[in-house]
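Here is a quick tour of one protein chain. Keep the structure open beside the text and find each element as it comes up.

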Amino acid sequence: MPQYELNIRDYLRIFRRRKIIIILTFFAVTLGSAVFISMQTEVFQASSTVKILERKTVAGLLTEWVTYNPADMMSSQTKIIKGFSIVQKVAVRMGLINDSTAAEKIDEVILNLQSKINTERVSDTNIIQITASSNNAEEVTRLANMFAEVYVEESLLEKTEQARNARKFIEDQLSQLESRLAKKENRLKKVEEKVKNIRLAEAIQRNSADLQFKLNTLLQKYTEEHPRVKEAREQIKDLESQLKDFSGEDLEYARLSRELEADKKLFSILKERLEEARINEAQKVGDVSVVNPAVMPLYPISPQKKIATFIGGLAGLLLGIVFAFLFETLDTSIGTIEDVEKLLGLPILGVIPSITPYLDKNKDIFRKFKDKFINKSEVEEGYIRLITHYKPLSHIAESYRNIRTNIEITPNLKTLLVTSTGPREGKSTVMVNVGLTFAQKGLKTLLVSTDLRRPVLAETFGLSNEPGIIEVVTGSSKLENSIKGISDFMLGKMALEDVVKTGDLEKISILPSGRATENISEILGTPEFAKLIEELKSKFDIIIFDSPPVLPIADASILAPKVDGVILCYEIGKTARGPLLRTKIQLESVGAKLLGVILNHTAPQTEAVEFPYYYGRYKNPYGEPIDKI
């Protein structure tokens, strides 16, 4: 990455340069999220709500004491709804179990239903929400409504059972009290016949009767040890102590009168409570009612596919950006033109934009991927190497002409060597197209295929490699028989209309590599090869040599000192800065004269000016339409 501080343009350059990583990561994570979400089980939820009213116990029916505590009771009821009894009845109604079901199966079904139900109190109200969760929308609706229905029915049965028990209890108490009243009335009547002069004070009798009633009432609620019971008995004892002067019959009469009066009052109260208990038992209105029944859900609560996919896509985008910066950090290649100049200390002779986007206009994504990461077809390779011939008015051809202009600045320059650090950096393409620009200017140009290991020059012009340099150097062929010109192009594999299309091929000739041989380096280093170069100088205005990469093969180092100038072809972002610097040092160590660097296959984000410039919008100075690519 650049060693200076990053600005917005640098960030945009990184994004555009690493856009494939960002796009692939984005689609991979988004697709992975979508696939993962689609594999998840959908969960539906449906809820019903029930309202619980105040409830009284048996003691409440007798004493009007209400044992109602909203918080405790509501918390208890939320647990009761999920209790074994109600869940079992729900399972029976849904046909999940019956009388013949094994105990283990019953427990399994009940546990399964309990796991699908959740109950909670709604805020501080007396309403409970029953929520069912499952992967089936119909099932959750049925479960939520079934639990509410069973709970309401069970609550009504419980209330009816309480009223029945209260009625039975009161009836028993009335029966016992009625028998006791009959006995006391008979006893009082007998005592009254014996006592002729009753001197009981009416006030004491009333107070004593009231206290006795109070005591009987308290005993319905408390035990003998309760303070209020003890207090009532003490008060009764005080009143009884005031009756010491009375005769035994008088006292007996007074006592029986008090007890009889108290029992009569209690009998009257029990009668009223008995009627209330019968009414409660007879009515069918429960303390629990359904507020809102559950309705079938239209959409699952999870997974939320759209949101999850969106989040996955956002995560993929962020991860792609992280990967882009990570790869940019780990990338030891040079990312900008300024970095190339700073590292090598050599001028940039020209910048050749990428032609791939124009070739890919009518291709599907698979062919584009194949061309980018594997190889282009032979037809496309030939088209690219002769792009200045086929599209002389294109902006790419103009880039090569700009390189020609920069090369011509150097005086006494007749022989050139085009090389690169590593393979497939486009040196052969640059060599051919730069040669074509010299030929278009009218200079007699010769292209020499000194890349004897992977020769492509003859193939580019549709010719055979033999005879060539090897035959000339070894003496098996004369130079004039090995040099190919326009007449050979016409007889070769190139179409005739392509050869005569622009007329620039009339000024260009090629010298193929010749037959394959094993001692290539030795041939390039022979005196015969040096004599060949001098002979070619006398015949042509400009001679351009092709060569293998510098670092893996010694051929370029052998050729470099023999020519007037060496041009280094470099594709930004492909070769690391270390090997590039070693290439320069190696060439300089053998005495090569480095003219500069040509940046090939450069993406627009590397250069500050967008490449089409004014092409495709205006006409050239001669009034002809600019040829688009």
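The secondary structure of this chain comes to 27 helices and 11 strands. The model is a predicted one. Of the 629 residues in the chain, 44% count as buried.

**The whole chain**
- The accessible surface comes to about 33,400 Å². Carbon and sulfur atoms hold 55% of that surface.
- Take the contacts in the chain with a separation of 6 or more: 81% of them join residues 24 or more positions apart.

**An open sheet of four strands**
- In what order do the four strands of the open sheet stand? The order is β2-β3-β1-β4, and the pairing is antiparallel.
- The edges belong to β2 (117-121) and β4 (288-292). Each has a single partner strand, so one side of each is left without a neighbour in the sheet.
- From one strand to the next, the twist averages 30°.
- Helix α6 (residues 103-116) packs on this sheet. The helix touches β2 and β3 (127-134), and its direction makes about 50° with that of β2.
- Strand β1 (residues 44-52) pairs with β4 over four bridges, in the antiparallel sense.
- Look for Ile-52: Val-288 in β4 stands opposite.

**Ile-110, a residue of helix α6**
- Ile-110 lies in helix α6. Is Ile-110 buried or exposed? Its relative accessible area is 3%; buried means under 20%, so Ile-110 is buried.
- Set aside the neighbours within four places in sequence. Ile-110 is then in contact with Phe-84, Val-87 and Gln-88.
- Leu-96 is 14 residues away from Ile-110 along the chain. The C-alpha atoms of these two residues are separated by 9.4 Å.

**Strand β6, an enclosed strand**
- Six of the six residues of β6 (residues 415-420) are buried, so the strand is largely enclosed by the rest of the structure.
- In a regular strand, side chains alternate between the two faces of the sheet.
- Which residues of β6 point one way, and which the other? Thr-415, Leu-417 and Thr-419 point one way, while Leu-416, Val-418 and Ser-420 point the other way. All of them are buried.
- β6 pairs with strand β9 (residues 542-546) in the parallel sense, over four bridges. There, Leu-417 stands opposite Phe-545.
- β6 also pairs with strand β10 (residues 565-570) in the parallel sense, over five bridges. In β10, Val-566 is the bridge partner of Leu-417.

**Lys-537, a lysine in helix α25**
- Lys-537 is found in helix α25 (residues 527-539).
- Why does Lys-537 count as buried? Its relative accessibility is 18%, and the cut-off for buried is under 20%, so Lys-537 counts as buried.
- Leaving out neighbours within four places in sequence, Lys-537 is in contact with Lys-414, Thr-415, Ile-543 and Asp-564. Thr-415 is one of the residues of β6.

**Two crossing helices**
- The axes of helix α17 (residues 395-408) and helix α18 (residues 427-440) come within 9 Å and cross at roughly 75°.
- Angles from 65 to 115 degrees count as roughly perpendicular, so α17 and α18 are roughly perpendicular to each other.
- From α17, the contact uses Tyr-400, Arg-401, Ile-403, Arg-404, Ile-407 and Glu-408. From α18, the residues include Thr-429, Val-430, Asn-433 and Phe-438.
- By class, the contact of α17 with α18 has six nonpolar, four polar and three charged residues.

**Backbone exceptions**
- Most residues other than glycine have a negative phi, and most peptide bonds are trans.
- Ser-123 has a phi near 50°, a positive value in a residue other than glycine. Ser-123 sits in the loop between β2 and β3. With a relative accessible area of 59%, Ser-123 is exposed.
- Arg-424 also has a positive phi, near 55°. Its place is the loop between β6 and α18. At 46% relative accessibility, Arg-424 counts as partly exposed.
- A cis peptide bond joins Glu-466 and Pro-467, with omega about -10°. Pro-467 is found in the loop between α19 (457-460) and α20 (469-474).

Terms used. Residues are numbered from 1 along each chain as its sequence is written. This is a predicted model: local features need pLDDT of at least 70, side-chain atom pairs count only at pLDDT 80 or more; totals for chains, interfaces and linings use all residues. Side-chain values use heavy atoms; hydrogens and water are left out. Two strands pair if DSSP finds at least two bridges between them. Axes are lines fitted to C-alpha atoms, for helices over the stretch in contact, and angles run from 0 to 180 degrees between N-to-C directions. Contact means heavy atoms within 4.5 Å. Buried means under 20% relative accessible area, exposed over 50%, partly exposed in between (1.4 Å probe, protein chains only). Angles under 35 degrees count as roughly parallel, over 145 as roughly antiparallel, 65 to 115 as roughly perpendicular and the rest as oblique. Ala, Val, Leu, Ile, Met, Phe, Trp, Tyr, Cys and Pro count as nonpolar, Asp, Glu, Lys and Arg as charged, and the others, Gly among them, as polar. Accessible areas come from the Shrake-Rupley method with a 1.4 Å probe; for residues, only the protein chains shown count as cover.
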